[in-house]
Amino acid sequence: MSVTDVAASRPAPPRAGGTEPVISLRNVSKNFGAVSALTDIELDVHPGEVVALVGDNGAGKSTLVKVLAGVHQPTSGSIRFDGRDAALTSPSAALDLGIATVFQDLALCENLDVVANIFLGREKDAWKLDEVAMEVRAWTLLNELAARIPSVREPVASLSGGQRQTVAIARSLLLEPKLIMLDEPTAALGVAQTAEVLNLIERVRDRGLGVIVISHNMDDVRAVADRIVVLRLGRNNGVFTPDDSHNDLIAAITGAADNSVSRRAGRRAVHEEGAQ
């Protein structure tokens with residue numbers, strides 16, 4: 001039996017509290033002409049659950065996120081959101097439904113302060129800005145996330161990478177979504193900033209939101225994810241928990257049981273046996 005067969009045949013971990021999924025995908029496929037980017041994808045995310053979406057480059061992670069964000073429409077399959085059939089026909093439709101996305105580039109305006117970035121395009125009374133109400137709301141959101149930002153009037157250009165990620169997440173919470181997708185939230189961050197963002201993800205989960213995290217960093221994934229969904233070549237290739245072995249996870253991602261991780265684990269086992 002191949003690695004793909006073993007991974008696909010793994011039983012899914014228990015669902016979070018037996019609750020209704022906030023979003024549920026069944027047999028979702030996406031074709032670009034003759035190219036099949038996604039094939040029969042199945043995915044459930046429950047309230048108060050962090051699901052990590054992992055896979056090698058070209059596995060279909062970005063395409064799946066864009067389908068859920070309303071950028072691409074699926075070629076076939078069904079999507080249910082909050083127990084009802086959903087048509088994610090545009091990014092605004094997905095946002096209105098309750099799906100917020102924080103892309104890797106964060107889409108922040110560095111010359112504007114924190115308040116202006118959080119309310120960008122959603123200002124209170126655009127004809128006469130209610131600066132006081134916007135500042136109070138911004139502080140409320142940031143305090144709920146236990147954010148370490150010195151002032152909401154600080155220009156984003158002066159903030160650290162972790163603080164910028166906090167601002168982007170706070171902006172996504174402004175419309176009170178039920179699902180947040182984070183694309184590579186810890187990419188290019190230092191150790192302290194990464195820890196800050198991982199704590200932030202846990203606080204978002206504690207608010208009862210469903211969270212999808214796309215990441216290549218297995219340590220970060222294991223730190224916050226309740227379930228780990230592997231994509232390979234545009235297909236589901238197994239569902240794991242953080243307690244599953246690193247070797248099994250890498251094998252599902254790469255499609256090869258014989259890799260540097262498995263060889264290192266084998267050498268370690270032999271060494272430990274010889275030392276006994």
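1. In this note, buried means under 20% relative accessible area, exposed means over 50%, and partly exposed lies in between, with a 1.4 Å probe and protein chains only. By this scale glutamate 135 is partly exposed, with a relative accessible area of 27%.

2. The model is predicted, so local features need pLDDT of at least 70 and side-chain atom pairs count only at pLDDT 80 or more, while totals for chains, interfaces and linings use all residues. Residues are numbered from 1 along each chain as its sequence is written, and side-chain values use heavy atoms, with hydrogens and water left out.

3. A salt bridge here is a side-chain nitrogen of Lys or Arg within 4 Å of a carboxyl oxygen of Asp or Glu, and a search of the whole structure finds 12 of them. Glutamate 135 forms one with arginine 153, their closest N and O atoms being 3.2 Å apart. Because glutamate 135 lies in helix α5 and arginine 153 in the loop between α5 and α6, the pair ties together parts that are 18 residues apart in sequence. Helices (H or I, at least four residues) and strands (E, at least two) are DSSP runs, numbered from the N terminus. Arginine 153 is partly exposed at 33%, and a network of salt bridges links Asp113, Glu131, Glu135 and Arg153.

4. Arginine 26 and glutamate 42 also meet through their side chains in a salt bridge (3.5 Å, N to O). This pair links distant parts of the chain, with arginine 26 in strand β1 and glutamate 42 in strand β2 (residues 35–45), 16 residues apart. Arginine 26 is partly exposed at 29% relative accessibility, and glutamate 42 is partly exposed at 32%.

5. Glutamate 202 and arginine 205 form a salt bridge whose closest N and O atoms are 3.8 Å apart. Because they are three residues apart in helix α7, about one helical turn separates them. Glutamate 202 is partly exposed, with a relative accessible area of 28%, whereas arginine 205 counts as buried at 16%.

6. Lysine 30, found in strand β1 (residues 23–32), deserves a separate look. The side chain of lysine 30 does, however, reach the backbone oxygen of glutamine 73 at 2.9 Å. Not counting residues up to four places away in sequence, lysine 30 touches several residues, including Val35, Leu38, Thr63 and His72, where contact means heavy atoms within 4.5 Å.

7. Thr63 belongs to the buried residues of α2, among them also Leu64 and Val65. Helix α2 (residues 61–68) is mostly covered, with six of its eight residues buried. Just after α2, glycine 70 takes a positive phi of about 85 degrees.

8. Isoleucine 149 lies in the loop between α5 (131–144) and α6 (161–172) and is buried, with a relative accessible area of 8%. Leaving aside neighbours within four places in sequence, isoleucine 149 is in contact with Val114, Trp139, Leu142, Gln163, Thr166 and Val167. The C-alpha atoms of isoleucine 149 and arginine 164, 15 residues apart along the chain, are separated by 9.3 Å.

How values were computed
Polar contact = N/O pair within 3.5 Å; in protein donor to acceptor, adjacent residues only side chain to side chain.
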